[in-house]
Amino acid sequence: MASENQSTLTSPENRPVKTSLRGCPVCGGAACEVLHSQKFVLPEGHPLAAGYEVVVCGQCGFVYADTQVSQHDYDVFYARYSKYESNSTSTGGGGSPEDARRLKEMAGCIAAMLPDRQSRLVDIGCANGGLLKELHDLGYTRLCGIDPSPACVAAARAAGAAEGFVGTLSALPPDAGEFDGVILSHVLEHVQDLRQAVAGIRRLARSAGMVYVEVPDAARYVECLLAPFQDFNTEHINHFSACSLRNLFVTQGWHQKSGGGKTLFAAPAMPYPAVFGFFTKDNAAMESGSLETDAELRIRMAEYIAASQAMMQSIDRKIEAVLRGNDSVIVWGTGQLAMKLLGETCLARAKIAAFVDGNPINQGKRLKGIPILAPARVVGSEQPIIITSIIQGQAIAQAIRRLNLPNPVVLLTNDDVPGIH
Ligand SMILES: [Zn+2]
């Protein structure tokens with residue numbers, strides 16, 4: 001098959017069609033169409049790849065990062081570099097009022113499908129146990145949390161889980177037993193081998209067990225675009241729609257009970273699209289459902305890519321204007337957007353005096369050979385500070401103001417920085 005479709009074939013829009021490195025994680029299909037090529041400039045020692053092509057499966061229409069980084073490397077990354085341990089830098093712990101509301105609603109939705117409070121439930125990828133705490137508050141006592149980070153497992157126990165295990169979908173704890181309900185909230189978009197993961201979930205579920213799955217809704221990325229290519233990052237390698245989520249489960253002997261879309265809020269005015277499904281394991285009817293081709297997703301992704309490109313060009317012009325009047329700059333934030341700006345905008349050529357990051361997990365590492373400093377180590381100067389996070393931009397600007405630094409502060413959006421000019 002490989003010989004027929006390297007560079008000779010093209011899609012209707014003249015995009016290259018190729019043989020996937022990874023194989024479609026939903027249907028196993030080999031032929032795919034390249035939608036976008038994404039590059040990252042990574043900190044030294046970072047275990048993941050410095051880029052990949054985003055492709056659409058020629059068979060089922062699923063969109064995914066065609067990366068050959070192994071599941072083992074991802075597992076090492078999530079265990080060692082867990083940002084999910086910190087409630088201030090991630091969701092999943094219920095740290096913000098918006099996140100607490102999101103987890104309460106999810107717990108209510110799960111309780112409506114599994115009303116028996118004696119049900120044994122496991123949250124895989126439980127982060128700090130925010131969802132388990134909400135389920136505990138609803139009266140569930142037989143709760144279990146599984147996470148690759150030992151600190152997260154300890155936090156889940158403290159939040160009300162009777163049991164906690166260090167583990168991943170590819171290395172499930174062998175003594176965890178069987179469950180009435182398996183919860184996978186914002187996990188499957190991170191998983192390299194999806195079909196193996198679904199087979200593992202099947203072994204964890206009792207014969208009449210149920211799984212609740214929630215993932216970002218790629219069909220609506222374009223409706224909630226805040227930062228360019230926000231969803232094409234080092235961590236999210238699978239881009240689901242309602243159709244592809246259904247395909248993944250029903251072709252492996254699960255039955256869909258219900259599902260739908262929702263909009264989450266990371267913060268006020270910061271919507272994020274998600275899609276969810278309840279699937280039941282029915283051992284009496286092992287025949288698999290048929291694969292449905294998703295024709296819509298590639299169209300929505302093309303719109304998202306075009307809108308992201310326009311946003312990236314506008315940011316590039318803004319950075320260029322700052323560089324024109326200054327010999328060097330300080331770059332505040334070394335997260336997903338910074339990794340892209342350093343590869344794809346004029347920030348790549350800038351003289352960077354220092355990187356700064358508020359998350360201790362990034363401090364002390366080096367990016368482009370330049371150390372990443374803690375905020376308290378920044379010495380005031382006339383060098384502009386470019387904030388390379390759109391989502392956290394205002395919060396970072398306020399933190400800089402509290403440090404009384406005299407540096408001009410530049411946001412990548414057109415918002416004003418409160419109290420700074
Ligand atoms: Zn496929």
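Colleague: Does A127 count as buried or exposed?

Modeller: A residue is buried if 20 or more other C-beta atoms lie within 10 Å of its own, exposed if 12 or fewer, and partly exposed in between, with C-beta atoms placed from the backbone. A127 counts as buried because 29 C-beta neighbours lie inside 10 Å. This is a predicted model, in which local features need pLDDT of at least 70 and side-chain atom pairs count only at pLDDT 80 or more, while totals for chains, interfaces and linings use all residues. Residues are numbered from 1 along each chain as its sequence is written.

Colleague: Where does A127 lie, and what is its phi near?

Modeller: Helices (H or I, at least four residues) and strands (E, at least two) are DSSP runs, numbered from the N terminus. A127 lies in the loop between β5 (121-124) and α3 (130-137). Its phi is near 50°, a positive value in a residue other than glycine. For K368, phi is likewise near 50°, but K368 counts as partly exposed, because it has 13 C-beta neighbours inside 10 Å.

Colleague: In what order do the seven strands of the open sheet stand?

Modeller: Strands of a sheet pair through backbone hydrogen bonds, either parallel or antiparallel. Here two strands pair if DSSP finds at least two bridges between them. The order is β7-β6-β5-β8-β9-β12-β11, with mixed pairing. β7 (163-166) and β11 (254-267) stand at the edges with a single partner strand each, so one side of each is left without a neighbour in the sheet.

Colleague: How many bridges join β8 to β9?

Modeller: Six bridges join these parallel strands; F179 has A205 in β9 as its bridge partner.
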